[in-house]
Each structure stands twice: as structure tokens, then as C-alpha cells.
Amino acid sequence: MDAVTLARMQFGANISFHILFPTITIALGWVLLYFKMAYARSGDSKWMDAYFFWVKIFALSFAMGVVSGITMSFQFGTNWPGYMERVGNIAGPLLAYEVLTAFFLEAVFLGIMLFGFSRVSNRVHTIATFLVAFGTTVSAFWIIALNSWMQTPTGFEMRDGVAHATDWFAIVFNPSMPYRLVHMLLASGLTVSFLIAGLSAFRWLRSDRSPGNRVALKTGVTLAAILIPVQIYAGDLHGLNTLEHQPAKVAAMEANWTTQSNVPLVLFAIPDQETRENKFEIAIPNGASLILKHDPDGIIPGLNDFVAADGTINHPPVAPVFFAFRIMVGVGLAMLAVSWFATWYLRNGQDLRPWLAWILVGMAFSGWIATLAGWYTTEIGRQPWLVTGVLTTTEAASDVAAGMIASTFIAYLVVYAGLIVAYIATLMYVSDKAAKQTPGAQSDKGYQPGFSSSPAE
Amino acid sequence: MGDLSDPTVWLPLVFAGLMGLSILIYVVLDGYDLGIGMLMIVAEDDEKDRMIASIGPFWDANETWLVLAVGLLLVAFPTAHGTILTALYLPVALMLIGLILRGVAFDFRAKVSPPRKPLWNFLFFLGSLIAALSQGFMLGMYVMGLDWTLAHVAFAALIACCLAAAYMTIGSTWLIYKMEDLLQKKAVTWAKRTLIFTAFGMGTISLATPLVSPRIFDKWFSFPEILALAPLPLGAGALFLGLVLILRKLPKDKDRHAWLPLFLTGNIFVLGFLGLAYSFYPYVVPDKLTIYEAAAAPESLTIILIGTLFVLPAILIYTAFAYYVFRGKATDLSYD
């Protein structure tokens, strides 16, 4: 395997591992703030029960995100030195603003949020919780701005082969940025709501009937049911935006080889890039034209338009993009079905049933799968470009020996695989422990108002 | 140095200063928590919980200074970022794995079932050790001009051990400040034992730096520059002496002067850093690439600088606030 492929796999493994945890912390921060505010409003201790359980998971997820994020900041240099040389004038300030405006904010106030409950007033603690949630979201804003700029670059000019900024507003709010940001924030919300619903259902299966667990379950299921239709609509808009700015990516997503009207919606196929056709295709006539152009006669660009006269292929590899997109959409539809059904089932204070609880447990990490599949769609779909029209992935690669990349890659994989197992096992363990601590159908274990009466000392 | 009114002159200088400041803050702050991670191996189980509790609210923010330092290298000196990190590819990867292990072990050890806790305690120690050794190794290779020969690797390995010892020294002094009773006494012993290696490491780097580079040799030993440099070794010597004297007397009644070893060690780090900065300026890649050659475009640096000038004071203020909230002797960590 060549060094560029290895560098991509290593970076891809790292960023895939990393994104799992911000996807949780971005939205979970706001959910924790919601729990605190609901307690402040109602005075019902179940909200603080939910808060104190989920803040543990927040802390663990945050730590996983921080350490894998530090790795990212180094791998820009070790894996893609050509990237900063060519577009460092654009990427640099965006990354710097992320560190300055978001990282420190979340890192410093996280300490107060996690361990300062008995040391600061309730108001300061709520403000700290807000600043952590705000920080994670600001972080997402900058990193999505940079990623979107790489997809749809604007507001710059090339001088001596190096990108120079001409309009920072156009750089930050580039054409795909608003769509990608909304899509990602909603993905985070969905990931968290299914995680909350799943782990709460797991606790329910372990005979946890505490009000704190019930309110978390209800929050998770309801939030999912609200967000999923919004996400499907936002995703559709994002797709239309991609069709306008990155038609080759959409052609790969739909496995559409030739530019034509009445393009069918391919439900399943095995795209073959050698013969440039789909095998075993199952399709709905005119479907893709209807979705993308809202017209059965709509003309959709095909992949063959992105092959140069000398045979050089300038479109992404078709099969990974095609399948990743279908996995994302498939999980999204499952989310719609499960969250709406569960919301309907739990109406009027109805209790769970074991089979429904198991379904929710099964969907606990569905957000991760959809998020990863979505990122693979958009990132592989950007190839062969690293920055569309400006820099190819090959040009940005370093000349580090393949053997060195391979050995560190294996080391990272071993560490990450171990950590993922430990993370999920620990989530299960703390859920199980929480369930055991609150036995019985109606736990009356509550918090003493003014919890500072039990100081941490 | 050139004309200071020219942005291509003063902007790289300002950013080199900011990057240096971030590295210095990182080495002092993460130095003490990495040091405590390494000292875990010689502590009893109940002591481990208290040691962790003393760094719990801070470690995450401490590591953010590393992200800022690397971030500034990346954004202000992009070509140097590529060159340095490619030359140090393996130690960087090792350090990252070390930082990953210790960062997550911190949280896992508090949440896993009791039989698993010793494993995560060990991983916390191991990650801290790997990270500290890798950083020391990188420092050694940097001083040797990022040139991989057997002799240089051996030198870097020696510096790796000394930096790990230096982190343990500052970690011990943090414990002296934050702990009471037996653990505080133990920390005094740990500080004494590791201090000698810290001094040895600083001495070795001070000797090696001018010998490796004729340019630095001239900068050090020509007159009158030697007069400007003299306060650094003299000051460091005085700080070491003061540290040895105070460690003999600690702990005192009513916990007087418990903060002093931390203060002195922090200043030793500052002087060591200033010595390196003096030697290597204006180079960011030793004897190959100056900060002026490696700097990003002025318009990009300007936009970062504006943000930095607004945000950095805020960061310092709320960091100070966090240290104020968790002032005094460390107590057991709890979420409520």
C-alpha cells in the first residue's frame, strides 16, 4: 500500500474516532443545561438525578474527544504538510479561532462544571454548564466552517500557488457552510437523544423505575421524535446544495454514470467503476430526478462527465460514497420509525415494554453509525480533491516512509479499539450501577434542596 | 532584526513570542500533572485518589496550552510545522498515544468497576511516562538540530529521562502545595530525589547547545553578549540552591512556605525556557528556517492577532478564576 493511502487511512481512523465524542458532547451539554433549568423551574429532584447520571457520561465522552482532538492537531502536520503550505493562510486563522474561542472556554469551565458543584453558587455552576455547552457548539462552528470551505472554497485568491484570504465573511459563510453546520448539529442532537433513550431503556431493563431515569428516557425519545423530521428536511436541502456545488459527489451518491433526465432512484446496486455501470440494480423510475430536481424529467449530472480526455478520473470512488450514503439514510429512516413509535407508545405516562426497551437499546449508538456514514459520504465524495479545485489529496501528503505510517497506524488502531470497547463497557457499567442503586418501582431517594449541605469534603 | 514597523518583521516576532509563551505555560502546567501521573507508581492506593483529585479540575485546560502552541506553530509558521513534525514523526505519535491513554484513564479509573481500577491507574502512570519521555526526546532532538544520528538519539534519550524527572519535581512541588500530612512529607522526599536529575538535564542541555551549533557558541561566548546571558545560569543556580534549602525545612508549622517550592521550580522552568529561546532565535527549525522565512501571510497573521489580543486576556482571567475556585488543599473529587 502506498504512503498516501496509508496516511489517509490513518487520518481517517483518527478523525472517525474523534468525531464520535464531539457528536455526543455538543448536544449533551445543552441537554444537561436543560436538566438543570428544568430542576430550577420545577424543584423536582428527578431532574438532578438525570443531570448527575448524564454528567458522568459527558465527562468521559469529553475526555475521549479532547485526547483524540489533540492527535488531530498534530496530524495536520505529520500527514498533510502540503495542506498548510497551500491553504494555511485560510485554514490557520479558522483553527486558531477554534482553539482561542472554544477550546479554552470548554476546558476551563468543564472543571467547574464537573467538580465545582459544592464550591461555587448554583448560578455560577449553571453559567459554567452553559459556557461548556456554548464552547462545544462554537468549536463545531469553526471546524465546520473550515471543512465546508474545503468543500466549497470562496473568498480567496491564489498568489504564487498559495491561497490568500480576500474576504473572511465569504470564507466562513461559504456556500455549503450553513447546510453542513445545521446538518451536523442536528446529527449531534439525534445521536445524544438515541443514546439517552437507549441507556435509559437499558436501566429500565435492569428494573430501574426511578423518576430520574424515566424523565431522561422521555427526554431522549421526545427529542429524537422532534429532531428527526427536521434533520431529514435539512439533509435534503444539504443534498440540493451539494448538487449545485459538487455535482460529482451527488453523482457518486446516486451511482448515476451518465448525464440524463428521468434518472431512477437506485435503492441497491453494486457500482462497478471498471465497467462504469451498476450491477444488480434495484431502482425506482424517475426517483432521483424527482428528489433532486422535483421533476421526473429533471437532468442529473453523471459520473462520466468527470473523466478527462486522457482517462484521468476526477470523480470520487463510487461504491464507498454510494453505500455510505445509503447507510446514513437507512439509519435515519429507522430513527424516524422508532422515535415516533416510541413517543406514541409512551404517551399519557405509559410504561415501556421489554421488546420496546430492547429496540431502544439496539438504537443507542445508531447516531454514531449515521454520523460516520454521513461524514464518509461527504469526505470521500470530495475526492480526489482535498480543497475543491485548489489542492488534491496526493499533493498534500507528506514524504514520511510508508512503513513508519503503517506502524503508528497499527498502534493507533489498537489503542482506539481498546478505548471504544472500554467506553461502551463503562457506559453499560455505570448504567447498571445506577439501576442497582435505585431499586423498586418508585424510588423516593431525592436530593436535599440546597445540595451544598453535603460538601465534597 | 530589521525594521519593526514592517509587519513582515514584527508579526512573526509577536507570534514566536505567543507560541513560546504557550509552550512555557504548557510545560509548567501540564508538567506538574504529568509528573503526578508518573509519581502514581510509588504512591499508595488511597494517595492515588488524592493526587488525582489535586489535578482533576485542571488537567484538561493544561493540555489545551499544547493545542494552542501546536496550533500557533501550524497557523503562524506552517512550513516549520510540517518540517518539525515530519522529523519528529515517531516521538510525536508516541507522545499522542501517551496523552490519549492518560487523558482517558483519568476518567475511566473513576467509573469502572473496582477490580478494573488498578489497570487504569497503571495506564494513567504509563501514559504520563510515555508522554513525558517523548517530549524530552523531542526537546533533545530539537537541540541536536532534528538530525537523526545514533549519538543524537542517545543524547535525546538522556534528555527524555531528565525532562521526565523535571516533571516529577514540579509535580512533587504541586503536591507539597496541595497536600497535607504524610503525603505532603512524601512529596518533599520525591522532590529532593528528582531534583538532582532536573539539574543534571538542564546542565547537559546548556553544555550541549553551544557545542552542537557554532552559531550558538558565538552567540553565547562573545563579549558583551555573555553579560546579557550571564543572569540565566546564575539565576538558575540560585533557584536550585533555594529549592534545596527550603526542601530540607519542609513541611513547616501551619504549612508555611508550602507554595515556595512550586514557585521556585516554575521559575527554573522559565529560565531554562528563556535560555533555549535566546539560543535558537531567530530560528524556528534549528539553523535551517527562521521565523521570518516560515511565517504565514501578514493578512492572515493580523486576523489571528486581533482575535488573540481579545481572547487571551479572557482565557487568563477565567483560568485564574478556576484556580481560585479550587484553591487550598485538594479534597476528594465528586460531581456533587
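This is a predicted model: local features need pLDDT of at least 70, side-chain atom pairs count only at pLDDT 80 or more; totals for chains, interfaces and linings use all residues.

Reply: Pro384(A) sits in the loop that joins helix H12 (366–380) to strand E5 (385–387) of chain A. Helices (H or I, at least four residues) and strands (E, at least two) are DSSP runs numbered from the N terminus. Residues count from 1 along each chain as written, chains are lettered from A and ligands numbered from 1 in written order, and side-chain values use heavy atoms, without hydrogens or water.

Chain B has a cis peptide too, from Tyr281(B) to Pro282(B), with omega near 5°. Pro282(B) lies in the loop between helix H12 (260–280) and strand E1 (283–285) of chain B. Back in chain A, His294(A) has a positive phi, near 55°, and is not a glycine. His294(A) falls in the loop between helix H9 (287–293) and helix H10 (318–345) of chain A.

Now the domains of chain A. The assignment (automatic or from a database) gives domain 1 (1–176 + 397–439) and domain 2 (221–245 + 247–381). Their C-alpha centres are 25 Å apart. In contact (heavy atoms within 4.5 Å) are 17 residues of domain 1 and 13 residues of domain 2. The two domains bury about 1200 Å² (accessible area lost to a 1.4 Å probe, summed over both parts), with 70% from carbon and sulfur atoms. Zero salt bridges are found between these domains of chain A.

Next, chain A against chain B. The contact takes 69 residues from chain A and 63 residues from chain B. The buried area is about 6100 Å², and carbon and sulfur atoms give 78% of that. On the chain A side, Phe74(A), Phe104(A) and Phe115(A) lose the most area to chain B, together 13% of what that side buries. One salt bridge crosses this interface. A salt bridge needs a Lys or Arg side-chain nitrogen within 4 Å of an Asp or Glu carboxyl oxygen. Glu299(B) pairs with Arg159(A), the closest N and O atoms being 3.9 Å apart.
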